[in-house]
Amino acid sequence: MMILSRLIQWIVIVGLAVFFYWDVLTAWGQNLWDDPNYSHGLLIPFIAMYIVREKQAQLQRAKQQTYWPGLVVVCLAVLLYAAGYVGAEFFTKRLSFLVLLYGMILFLEGKEVAKILRFPVAVLFFAVPLPYVLYNSVAFPLKLIASKIAAFLIALTGMPVFLEGNVIALSHTTMEVVDACSGIRSLMTLFTLAFLLGYFQHKQTWKRVIVLLLATPVAVFSNAVRVTATGILTKYDPAWAEGSLHDTTGWLVFVLAFAMLLAGSALLKGGRSEKL
């Protein structure tokens with residue numbers, strides 16, 4: 001009877017949440033579908049559900065009870081939604097939905113269940129696109145750094161190179177390092193992978209943080225390698241700068257970046273297993 005009552009509570013509350021957040025959720029999904037920088041976000045809910053499934057044994061043992069302080073978190077979510085609505089800011093409204101989800105779990109299921117589900121709820125944050133103001137403020141310096149590294153690597157090959165901002169001038173072509181080649185696009189996905197990798201491979205918080213921090217230099221360096229390779233290869237075939245060949249180097253560079261991330265995590269692990 002208690003299980004049925006709790007199920008009815010969830011059905012009612014989730015129904016109300018979906019009703020009030022319908023516009024936010026549909027626009028959010030469309031944004032993930034249209035924006036190649038965040039296309040990985042479409043997989044995040046499925047990853048979160050998989051993690052929840054893996055924690056079923058813990059959830060069955062956890063004590064389930066109403067925890068009234070959870071309403072404080074729910075109220076915080078409402079305030080975030082109101083702020084996002086007034087400011088016409090999508091990021092805040094989407095973030096409020098995740099806060100609301102955690103608040104409902106805390107309120108209806110209690111502290112033990114909320115603690116177990118804290119990680120899968122946190123994973124959902126990586127499906128939230130950053131505000132474009134923040135995105136652009138990060139992408140621009142990354143472009144400059146990737147350009148400098150690429151110009152340095154090209155110069156090491158003996159090829160004449162001139163760098164001005166994010167434009168690399170070579171004897172046979174001129175390349176502009178755009179957002180896609182700055183590392184920002186792969187950085188969004190690598191952050192998600194680093195978050196998952198750190199959680200599943202390491203017990204200590206400081207190691208998890210280091211794995212997460214590694215994502216930025218790995219993304220920038222790997223994309224600088226892509227720019228370097230493009231500059232060298234276009235000397236022999238201009239087709240490497242666009243189309244399917246250019247896209248192929250992008251995928252290869254992402255594989256390289258993930259391999260570097262795995263290597264960094266393995267070094268932290270030191271070949272020893274860590275019981276989580």
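Here is a walk through the structure above, from its overall layout to a few individual residues.

First, some ground rules: this is a predicted model, where local features need pLDDT of at least 70 and side-chain atom pairs count only at pLDDT 80 or more, while totals for chains, interfaces and linings use all residues. Residues are numbered from 1 along each chain as its sequence is written, and side-chain values use heavy atoms, with hydrogens and water left out.

Let's start with the big picture. The protein has eleven helices and three strands; these are DSSP runs numbered from the N terminus, with helices being H or I of at least four residues and strands being E of at least two. Follow the chain along and you get the pattern α-α-α-α-α-α-α-β-β-β-α-α-α-α. Of the 276 residues, 39% are buried (buried means under 20% relative accessible area, exposed over 50%, and partly exposed in between, using a 1.4 Å probe and protein chains only). Now take the contacts (heavy atoms within 4.5 Å) with a separation of 6 or more: 72% of them are between residues 24 or more positions apart.

Next, the inside. A nonpolar core is a set of buried Ala, Val, Leu, Ile, Met, Phe, Trp, Tyr and Cys residues joined through side-chain atoms within 4.5 Å. The largest one here has 63 residues, and Trp-28, Leu-100, Ile-105, Ile-168 and Leu-190 touch the most other members. Helix 5, residues 90-109, is the top contributor to this core, with ten residues. As for Leu-190, look beyond its neighbours within four places in sequence and you'll find it in contact with Ala-215, Val-218, Ala-219, Phe-254, Ala-257, Phe-258 and Leu-261.

What about Val-113? This residue sits in helix 6 and is buried, with a relative accessible area of 3%. Not counting residues up to four places away in sequence, Val-113 touches Leu-59, Ala-62, Lys-63, Gln-64 and Ile-105. Lys-63 is 50 residues from Val-113 in sequence, yet their C-alpha atoms are 7.2 Å apart.

Thr-192 is another one to find, this time in helix 9, residues 184-201. Thr-192 counts as buried because its relative accessible area is 5%. Setting aside neighbours within four places in sequence, Thr-192 is in contact with His-40, Ile-44 and Phe-126. The side chains of Thr-192 and His-40 are also joined by a polar contact of 3.5 Å. That term covers a pair of N or O atoms within 3.5 Å; within protein, one must be able to donate a hydrogen and the other to accept it, and residues adjacent in sequence count only if both atoms are side-chain atoms.

Finally, compare two residues and their surroundings. Thr-228 lies in helix 10, residues 205-233, and is buried at 9% relative accessible area. Apart from neighbours within four places in sequence, Thr-228 is in contact with Ala-150, Leu-153 and Ile-154. Val-161 belongs to strand 1, residues 161-164, and counts as partly exposed because its relative accessible area is 29%. Ala-150 is eleven residues from Val-161 along the chain, and their C-alpha atoms are separated by 9.9 Å.
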